[in-house]
Amino acid sequence: MTVKLNHRFDGKGPHVLLLHAVGVDLTFLDAVAAKLARDFTVLRADLRGWLDAHGVGPQCGDAVLLACSEAVANAIEHGYRNDPFGMIDVVATVTADTVEVRVTDHGTWRDMTADAAGGRGLQLIRQSMDQVTFDRGNGTTVTMRRRREAAP
Amino acid sequence: VIEGRTTTEQWATFSRHGSAELVRLAGEIDLTNASDIGRAIATHTTAAGAVLIDLTEVSFLDSAGVRLLDALAGDLVAHGTPFRLVVGERGAARMTLQLCAFRDELLATDLERAAAELGG
């Protein structure tokens, strides 16, 4: 299989790999995801393009990108504070009226109420999205939804 | 087989605008580069008489970026250095700063007007 990547290397820190494909079952990427994640950092560029491709407006798109980035940052800083090779799953869905993003890590959070920016990251997630839920089981999943129309 | 394309971006450039130190930020500012950018800005602004931070070309700003701007603003206030942040009326940087209730009196939309306010 050939995988073509648009990727960027920005700054330092944990690697973030965002994989997406249109109209297919994403599990076909599972085989390469772990290998790619060791070497590549892809943050936001592809999600932005994917939202644009689905006709999501810039205001909603910016809000979703911000919330998604903060959720991934939280997963890195909390879920994987002791594990530089932890995997984070980002699953995004667009329907006629809603954008939903789910960010899952498989680590353990020490404190659900705090984050790297003194609570500001979680505050930004809650303010930029319409609905935010946390599920803690084997790891943490944050599910974020926003209407595609005007800002709240 | 993995093919790739790398984009290296420049996030901070430094110049003078009148008597003020002008810091132009560009691209995506987040967890991965905010502390590096903060250090670069600090070295250029500690001795400045006035500081303009132009964020109009910033396409993304996260909470780490806001933390960087908070720390910078705190340092400049502590030194008594007048400064302004120039941010577009719309866009990602404006959205993040508004959601964080960043101090509105420090924000300007026009570089020349902000410079004039600083006496530059």
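Okay, so in chain B, strand β6 (residues 83-86) and β7 run parallel to each other, paired over two bridges; strands here are DSSP E runs of at least two residues, helices H or I runs of at least four, numbered from the N terminus, and pairing takes at least two DSSP bridges. Quick caveats: this is a predicted model, where local features need pLDDT of at least 70 and side-chain atom pairs 80 or more, while totals for chains, interfaces and linings use all residues. Side-chain values use heavy atoms, without hydrogens or water, residues count from 1 along each chain, and chains are lettered from A and ligands numbered from 1 as written.

Back to the pair: Val86(B) sits opposite Ala108(B) of β7(B). Zooming out, the open sheet has five strands, ordered β3-β4-β5-β6-β7 in chain B, with mixed pairing. Why do β3 (12-17) and β7 (107-108) of chain B each have one side without a neighbour in the sheet? They're the edges, so each has a single partner strand.

Now α3(B): that helix packs on the sheet, touching β5 (51-61) and β7 of chain B, and its direction makes about 100° with β5(B). Contact means heavy atoms within 4.5 Å; axes are lines fitted to C-alpha atoms, for helices over the stretch in contact, with angles from 0 to 180 degrees between N-to-C directions.

And α3(B), residues 92-99, also packs against α3(A) at about 60°, axes 10 Å apart. On the α3(A) side you've got Asp62(A), Ala63(A) and Leu66(A); α3(B) brings Ala92(B), Met95(B), Thr96(B) and Leu99(B).
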